[in-house]
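Please examine the sequence and the three-dimensional model shown below.

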Amino acid sequence: MIEELYQRYINSAGVSTDTRNITPNSIYFALKGASFNGNTFAQEALAKGACYAVIDDPAYHIADKTLLVDDVLTTLQQLATYHRRKLKTLVIGITGSNGKTTTKELIKSVLSQQLNIVATQGNLNNNIGVPLTLLTIKPETDIAIVEMGANHPGEIAFLCSIAEPDYGYITSIGKAHLEGFGSFEGVIKTKGELYDYLKTHHKTIIANADNPITEALLENYNNVYSFGVGEGVNVSAQCLSTQPVKIQFADSSLQTTTEGFPANIEGFTDTPTVATSHLVGSYNFTNIAASVAFGRYFKLSTKAIQKGIESYIPQNNRSQLLQWGSNTVLLDAYNANPSSMTAAIDNLLSMNSFPNKVLILGDMFELGDYATQEHQSIVDKLKEHQWAGVYLIGKNFKQTKAPYPQYETFEEFREVFKKLSFQDSLILIKGSRGMALERLIANS
Ligand code: ATP
Ligand code: MG
C-alpha cells in the first residue's frame, strides 16, 4: 500500500492537509483535529485541485480518487519515513526545552551557505509537522533539519522513529511543559530519547560541553562532536558580548574529516573568527555556538559560517531588541517557562549600560501542579534585585506573594499600561504565547 501511495506521491506536487490552502496536483491527507474531521473536506480538496485524497472514513470514498486507510495520520508518518529512507538524505534532529526553533533556523542559515537544506517550517515540530518536514526533502537535498517538540514522555522517541535522525542536538533541558511530563526528571528522560536513539544506532551527537544536564546523558558515548568555551572540545567558542551576541570561534579539529564532506581547506583556519549576530541574550550564544559546531562538522568555510550567523534575523517576537521612543524593548513574548524566564531575567541583569530596568511579565502556561510554586520562584528571584518597575500579568502571577503590581488579565494591565510613561528604560516583555504580550507595543 505504501509503495503504491509513494508512486503517486513522487508524481504529485507534494502533500496538502488544509482545504483552505490546496497545492494543485497535491495529495490531500484528511487529518482529524479536536474540532474537525478532514474526511468531510476530501471532496472539496479534490475539487480545488488535489489529485488524490487519503481518507480513513469509508463514507467519503470516491473510486480512483481516494485511498481508504486505517488511520490517515499513521499513513502520513509511514509515507514520510518511506520517503526519507528512499532518498537516504541526512537528517539532523533538534530537540530541547528552549531554543529549538532559534537553533534550527541558525543551523539552517549556516548550512544553507554551502549545502542544499530543508528544515521544519516555523514551529511545526509535532507528529504532523515532523512527517510534513520530511516530505519536503527533494533528491537534491543534502540535509534535512527537523525540529522535534514534546510535552509528554515517549514523544521524542516516536518522532525519532519517524525521522530516523543521523545527527542530533539537545538545545537545553529545563522546566517546560511540567504538566505533561510530571516532573523535571520526566523532561530530562524525554529529551534524552533523542540521544538514546542516536546511541542505539551509532549516530553522531553534537553536544554543548558546558551543559552539565545534557553532558550527563552522554555517559561514555564516544561518537560526540562537542563545542564549548573550555578546553578539549572540537569547536571552541567564546562569547564576546550578549547585546547583540558576538561570538568568536575557532576549530580545534582540523584533522577530522566528515564522510562525504571533504574539508573545505580554503578559508578554513584555526585563527579565531568573530561573527556579530542579530540576537540578544546569553542563551542565544549557546544557540549560535551550536550552529557553528554544525557548520564545522559539515566542513563549511569560516566565511560561510560567519555569513550564516550574521544574516539570520529572528522572527515572531523571539528575543528581539526594539527601540520604542527613548526606551529599548527586549521583546521575548513568543513563549515562556521557568527556565527561559530565568534566562531572560539573568540576561537583563547582565545589561549594565541600562540603569532603568523594567519587567513586564506574563504567566507561564502548562505548569500544572507546579504553577504556583514556579511563579513564586520567579517573584522571589526578582525580589533579590532592584528594578525601575515590575508588572505581573495573569492568573498565576496574581496569586503570588509579590511586592509588585499584579493584574489578573491582559486587558486590565493594558489600561494601566496606556497611562504609564517610560523614559530611557530597558523593558523586558515576556510571557507564554497565550498571553500575546507583543500586543502591548503593537502599532505604537
Ligand atoms: P517551542 O517549544 O515553542 O517550539 P523552542 O524550543 O523552539 O520553543 P525558541 O522559539 O527558539 O524555542 O525560543 C523561545 C524562547 O526560549 C526564547 O525567546 C528565549 O526566551 C528562550 N531560549 C532560547 N534559547 C534558549 C536556550 N538555549 N536556553 C534557555 N532559554 C532559551
Ligand atoms: Mg519551536
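UniProt positions are given here in the numbering used for this structure, feature names are shortened, and an annotation may be inferred rather than shown by experiment. With that understood, the unreviewed UniProt entry lists Gly 96, Ser 97, Asn 98, Gly 99, Lys 100, Thr 101 and Thr 102 under "binding site". The model itself is predicted, and the values discussed below are computed from it.

Two of the listed positions may be followed into the fold. Is Lys 100 buried or exposed? Its relative accessible area is 13%, and because buried means under 20%, Lys 100 counts as buried. Thr 101, with a relative accessible area of 8%, is also buried.

The surroundings of these two residues can be described beyond their neighbours in sequence. Setting aside residues up to four places away, Lys 100 touches Ile 94, Thr 95, Asn 125, Glu 147, Met 148, Gly 149 and Thr 171. A polar atom of the Lys 100 side chain also lies 2.9 Å from the backbone oxygen of Gly 96, another position in the UniProt list. For Thr 101, the contacts outside four places in sequence are Gly 122, Asn 123, Glu 147 and Arg 318.

Attention now turns to ligand 1. Of the 19 residues around ligand 1, those that come nearest are Thr 101, Thr 102, Asn 123, Arg 318 and Asp 332. Polar atoms of the protein approach oxygen atoms of the ligand at several points. An oxygen atom of ligand 1 is 2.9 Å from a polar backbone atom of Gly 99. For side-chain N or O atoms, the distance to a ligand oxygen is 2.4 Å at Asp 332 and 3.0 Å at Asn 335. On its own, ligand 1 has 640 Å² of accessible area, of which the protein covers 92%. The elements that give two or more residues to this shell are H4 and helix H10 (282–297), and H4 gives the most, with 3 residues. By class, the shell has 12 polar, 5 charged and 2 nonpolar residues.

Glu 164 counts as buried because its relative accessibility is 17%. Apart from residues up to four places away in sequence, Glu 164 touches Thr 81, Arg 84, Arg 85, Val 91 and Tyr 197.

Notes: Residues numbered from 1 in each chain as written. Chains lettered and ligands numbered in written order. Predicted model: local features only at pLDDT ≥ 70, side-chain atom pairs only at ≥ 80, totals over all residues. Heavy atoms only, no water. Buried < 20%, exposed > 50% of the residue type's maximum accessible area, 1.4 Å probe, protein only. Contact = heavy atoms within 4.5 Å. Polar contact = N/O pair within 3.5 Å; in protein donor to acceptor, adjacent residues only side chain to side chain. Near = heavy atom within 4 Å. Areas by Shrake-Rupley, 256 points an atom, 1.4 Å probe, with all protein chains shown as cover. Helix = DSSP H or I, 4+ residues; strand = E, 2+ residues; numbered from the N terminus. Nonpolar A, V, L, I, M, F, W, Y, C, P; charged D, E, K, R; others polar.
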